[in-house]
Each structure stands twice: as C-alpha cells, then as structure tokens.
Amino acid sequence: MWFSGAMDAQPIPAIEVRGFRMAFGDQVVIDDLSFAVRPGETFGLLGSNGSGKTTTIRALLGIYTPTAGQLLVEGRRFDPAQGSRLGYLPEERGLYRKESVLDVMTYFGRLKGLSREQADGWSRAYLERVGLAGHARTRLDKLSGGQQQKVQLGVTIMNSPDILILDEPTKGFDPVNRRLLMDLVDEQRSQGATVVMVTHQMDEVERLCDRILLLKDGRAEAYGTVAEVQDAFGGRRMRVTFSGVLPASANFRVAVGERNYAELELPDGVEPNLVVRELLDAGVRLRGFSTARMSLDEIFLKVYGEQEAAA
Amino acid sequence: MNRHNLGTVIGFEFRRTVFKPRFWLISLSVPVLIAVVVGLIALSGQTTAERAENQGSEPVTFTYTDASGLVDPAIAKAAGGTEVTDAAAARQAVVDGTSQCHIDFPKDPLSQSVEVRGTDLGLFDSGRYSAVAQAVLSASVEKRIGDPVVAKLAVNGADISLVTYADGRPTPGLAGVIAPGLFLVLFYLAVLMLGNQMLNVTLEEKENRVTEMILTTMNPTTLIVGKVIALALIGIVQGVAVGLPAGIVFGLFSGSLGLPSASDEAGAAAVLGLIPIDPATMLVGFALFLLSFLMFTGLLVAIGAVMPSAKEAGNAFGVVVMSMFVPLYAASLLVSDPHGVVSQVFTFFPLTAPVSALLRNATGGLSWWEAGIALVVLGAFGWAFLVLGVRLFRTGSISYGSRVRIGRALGIGRR
C-alpha cells in the first residue's frame, strides 16, 4: 500500500487510520477500519446514518478514545495543543449564540494562532464576502440558521487550514449558499488543503472527491477512486434511446426503463456489441446508445437500500 | 497548557460577562438593595426616636387599683393616674370608651401579672400603657428602697466585663469569630453569586453545541482552567461592585445604625479595634476558603459536563448546595462540641468540609491536625473533581441533549 511507511519514500499521509475499532460497551460501532487520505486530495467518507462516519472523525480528532487501532493526523495522534492547522466543521453545528458574530470569530481566530488584528481583519473580509458584513455586531442567535452556518464555516476555514474536515457541510444550506460553500471549499483545495467530506450529497462527491470510502455497519464496503468504486459495484451500463419493445435477455438487466429510454446493466463478460446485436435482432430500432458507469447515488442506494429494506 | 490560549479564554470569558449591562444590573442591585434596607432602618430609627419624644409630651390618663400596696399615690398621680376601688367598672369604662386606660396592680406582682386595659392607639403607641404601668411601679419601688444607688442597682443591674484566658493569654471571645468568619461569608457569597456560572462552565459549550469546535481547537483543560480563572476574576469584580457601595453606605449611615461611625478616623479605629485578628487562624481560613472554592468549582464543572441542560443541572446544583450547607443546621453542635464524632465527620466529608471547617476555624474549635486533614481532603477532591470534569467534558459533552452515563463516558476513555 502506498501509505505503508517511510521506506517507499511516500509522503506522510494527511490522515491515516489503521485497524480502528470502536465499541461503546458491548456495541461495536467500527470494526477493523483502515484507510488513508493523501496530502492535498479531496476524500469522501460516505455511509448511511449510523454507519460510523462521525464516530471515525471524532476518534481521529481525539474526542473519542479508540478501543483499538491507530488514528493519525500528519503522522501523529491529533492534539490541538501541538498547533496542527486543522479546520473541522462538525455535523452538530453551534457557536456561542449569545455573543456577537465578530467576537466569536475573533475568539476562534485567536485560538487558531492569529493575532487580534489578523483575526479581526480576516473575519471582516470573510463576512463581507458571504454577505454578512452588516451583521458583524449582531448576536449569533439573531441570525438565521443559514447565516449561522456561514459564520461557522468561516470559523472552520480561518487561518487557511492544511486539513479541512467537513461533516455534512451543505446541511441546511439553500442551493445558492451551497454553491458559495462549495466555492469556498474549492478555494481551500486549490491552496493545497486536504479536504475530507462526510456527506450524503453524491453529486458533490462525484464532482469534488478524488477518492472515497463507503462505510457500512462500521466496516469499509468500498475504498478507492470514484471510478474504481463505480467499477467495483456497478460494472458497466448501457444507455439506449429506442423505439419498440425491449426483449427479456440474460445478457442485460433493465436498471432504468422508460418509454423510449433505458439503462441496461451488463453482467461481467458481456460486451455492449452483443447487446446491440440482440436488440436489433429483436426488432428494436436504436436511435442512440452509450456506455456508462453506475452513479454513486445508485451505488449508495444499492448498498444501503438493502440495509434499509432489511431494517 | 498553552499560555496563549489560556489568556485568550480568560480574556474572552471575562469580557463577555463584565462588559454586559446585565452583569452590572445584577451586581449593583445587591448594594442598592442594601442601601434601601439601611435607609429604611435609619428612617425607622429616626421615626421611633421622634415617636418616643412625642410620647413623653402626651401623658396617659388612667385609673388604677392597687392590691399590692406598693404603688405610691403621688407618683401615680403625677403620671396621670387616679386610684379607683371598683376594678370591674373601671375596666368596663375602658371598653365603653369613657376611660383611656385602667391598670390593676395585683397583690403579688412577682408571681402575678399587672393587668392593663387601654383604648387602642395603634401597634406601636399602645405600648405606652404598659410603659406607664412599669414606670409607676418601678418609681414606687425605688422610692420605697430609699437609697437611689441601691434602687438603680436593684432595677438595672451592673455592667460586667468578662475576660477569659487560654494558655495564659486572653481569648478574643465572640469578637474573635468576626475576622476568620469572613472566609465563611466569602465562601457563601462565592457559591451564591458564582455557582450558576460555574455550572455553566461546561454546560454552555454543550448547550450551544460548540464542544467539537472547541475540542479540535484547544486542549479542554486549558478551556476549563481559563474559564474558572475568568470566573474568579469576575467574582472579584462583582465583590468590589457589591462591597464598595456597601462600604460607602456603611460609612455614611453607621451613626444612624447605632454603630461606631466609620466615617471619621477615630470611629474607624474603634470599629477595627473591636476585631481581634489571629494570623494563624486567618491563614488557615484563607487556605480552607481557597481549597473549598476549588472543590466546589470542580464538582460543579463535573456536574455541568454530565447534565444535558441548565435546567437539569440546576436541580443537581440545588442538592449539592443544600448538602454543603447542611452543617449550618448543626452549627451549635460544631461550636459546642467541635471535637466530637459528628463534628469530625462533617469536617472530613468532602461536601460538608468547607462550611464545617471554616465555621470551626472561625470559632476556634479546629485543631491544627484537623485543619491539615480538611485541607488535604478538599485539595484532593477538588483536583479529582476537576480532572473528572475535564474528562467528562471531553467524552461526555458531545452527548447533546442527553445525560451522560459517567461509567460509559469513562469506560470509553479507558479502552
């Protein structure tokens, strides 16, 4: 594995998890989980509710003590006192609600190592950018939920973190502010930050993430680049536009079927040519066709839909 | 502990409390309340004096019967009295409103009460009738004795000055309790004024769901220590805010309260001269106060980390404070039998140790070895509670909206 040690001259992973196990009493939440996040990459940590994503992040950041295993940030156990530049946007949002926006941002800026002037200047510039300049002296609890989220995101990305961990970052944002948030995250990426996204928004994962990890019941269900995971789960697909009636066949399964459009799932070993010939032989008039991979949304449904159905 | 972050936390916590109008509104309401009470007392004193003066100028007219034979008719007449023989008729005359007052001096005033009937003059002024009855009888008895000095001694007694000794040195007596007793008062005020804020040291992060942001930005020990230091500073500011106006009010009105005036040098010296100060007792009192404060803080921090909301924590806070002040109910026992089993149990049990040890120290009933044990108990439990609080805060305060199970929270940490 590329992150196995210094001998292969690979850089130290931004995040490394080895043999992580977490149990609360008799309940095992995570079992033997290993993965690594490379410096500068955008990594997606995916899973249904209760699959162990947030627990993994909390253990990584020292909030929970793992039952077993090693969780390292830049090669060592995370300790905020050691000055690691890490920004974390937790799933549970919240700041000091009775204080003013600027006071809270300046406070966190100071805790992140900025001087009072730097923290104040950075905060004012950020508030200007996200349209909250007029609310600098407003108490946080007087802001709307979305506005509070913007402030919290600002606190998270203050002092240009090397590692940015975002747990459900778009939760509670409308489409406009979601775009703004993703632009801000993009900026951090372009400045070289490692980004870990814990999310259910598969379109964002497909668009932004270099690699992903799918967690199911505390175990890694899939781990690799988006394409690798798609290949591992979905195999190949064909999208066909047609007129006529699709025949029943052992060479494909209709995953999506509409009047003149269908997505056909091809088993291993079946070539698209064979399917095209079979359709033509059956009298189907093809207007167009292309090959495609299964979307992450579909993979998610496939993996966790079974779980939900069982539940 | 990161000094920069510690300073940042102290500054933030201090500013966001002290720079708010609500803080000053609450803090200054105490001296304002004291000023109002003192003003009322002074006003009441003045009114009472004026009333007494008026009473003297408005003599009571009364009838009386004297079965004892002790009442001097001349004295009674001078006081506005007329002797009658039919007591029942005289009493009825008062009921009918034709007579202001009737007094029956019984045969044996030592074992029987003097019966007084009078027309109502209000809650305070009606006391004039009893005063007249007493004055007539006392003056008559004095006249019978003949020697005015003997008569005064018989009626008023003599001033007695008591000095007691221990180990060959005079003991301070009740006045000796005042200076070391201030630490008990200080502790009580600290609990009263800072208790809720201490409880919120960890609760606030939990209620605002800011714990994870904080824990990934700084060490929780730094946060909690910073908050406690800020609270202590806020307590000092609050103490000055309360004490300074109270001192000014005392200086201005001490004369009206019947106390030596503190506004002039001689008066201040008189006030301070009444309070003996023993350095050793004061030192022990100070140490007990500090460690009691530490233990109380640690306990509230731990409670705050476990409870899901301020409301639930408030209930637990009430129980803790009640148990801490339980020794006050046994105060007489702690003072009269300071080395008894109950006193020692109270002194060495962590929750009751602060009040018991401070009270016993103030009343001179705490030996050096008992003080040592109490200090060790308070210090050890204060430190343990703080460590526990930090640990529970780290693992437990992200259990938003639910009470933390201590065993589970600590169990996670052990694995």
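This tour walks through a predicted model, stop by stop.

**Before you start.** Residues are numbered from 1 along each chain as its sequence is written, while chains are lettered from A and ligands numbered from 1 in the order in which they are written. In this predicted model, local features need pLDDT of at least 70 and side-chain atom pairs count only at pLDDT 80 or more, whereas totals for chains, interfaces and linings use all residues.

**Stop 1: chain B.** Select chain B. It has 17 helices and six strands. These are DSSP runs numbered from the N terminus: helices are H or I with at least four residues, strands E with at least two. Of its 415 residues, 32% count as buried. Buried means that 20 or more other C-beta atoms, placed from the backbone, lie within 10 Å of the residue's own. Take the chain B contacts with a separation of 6 or more: 69% join residues 24 or more positions apart. A contact needs C-beta atoms, placed from the backbone, within 7 Å.

**Stop 2: the largest nonpolar core.** Select I15(A), L60(A), V301(B), A302(B), I303(B) and L358(B). Of the 129 residues in this core, these touch the most other members. Such a core is a set of buried Ala, Val, Leu, Ile, Met, Phe, Trp, Tyr and Cys residues joined through C-beta atoms within 7 Å. Helix α11 of chain B (residues 279-306) supplies the largest share, 14 residues.

Now centre on L358(B). Leaving out residues up to four places away in sequence, L358(B) touches F183(B), L184(B), F187(B), G285(B), L288(B), F289(B) and S292(B).

Another core, of 13 residues, lies apart from the largest one; select F62(B), V116(B), Y129(B) and L137(B), which are among its members.

**Stop 3: a helix pair.** Select residues 127-145 (α5) and 148-156 (α6) of chain B. Their axes come within 8 Å and cross at roughly 135 degrees. Axes are lines fitted to C-alpha atoms, for helices over the stretch in contact, and angles run from 0 to 180 degrees between N-to-C directions. From α5(B), S138(B), E142(B) and I145(B) meet P148(B), V150(B), A151(B), A154(B) and V155(B) of α6(B). By class, this contact has six nonpolar, one polar and one charged residues. Nonpolar covers Ala, Val, Leu, Ile, Met, Phe, Trp, Tyr, Cys and Pro; charged covers Asp, Glu, Lys and Arg; the others, Gly among them, are polar.

**Stop 4: where the chains meet.** Show both chains. Here 26 residues of chain A are in contact with 23 residues of chain B. On the chain A side, β5 (86-89) and α2 (101-111) are the elements that give two or more residues. α2(A) gives the most, with five. That side divides into 15 nonpolar, four polar and seven charged residues.

Terms used:
Two residues are in contact if their C-beta atoms, placed from the backbone, lie within 7 Å. A residue is buried if 20 or more other C-beta atoms lie within 10 Å of its own, exposed if 12 or fewer, and partly exposed in between; C-beta atoms are placed from the backbone.
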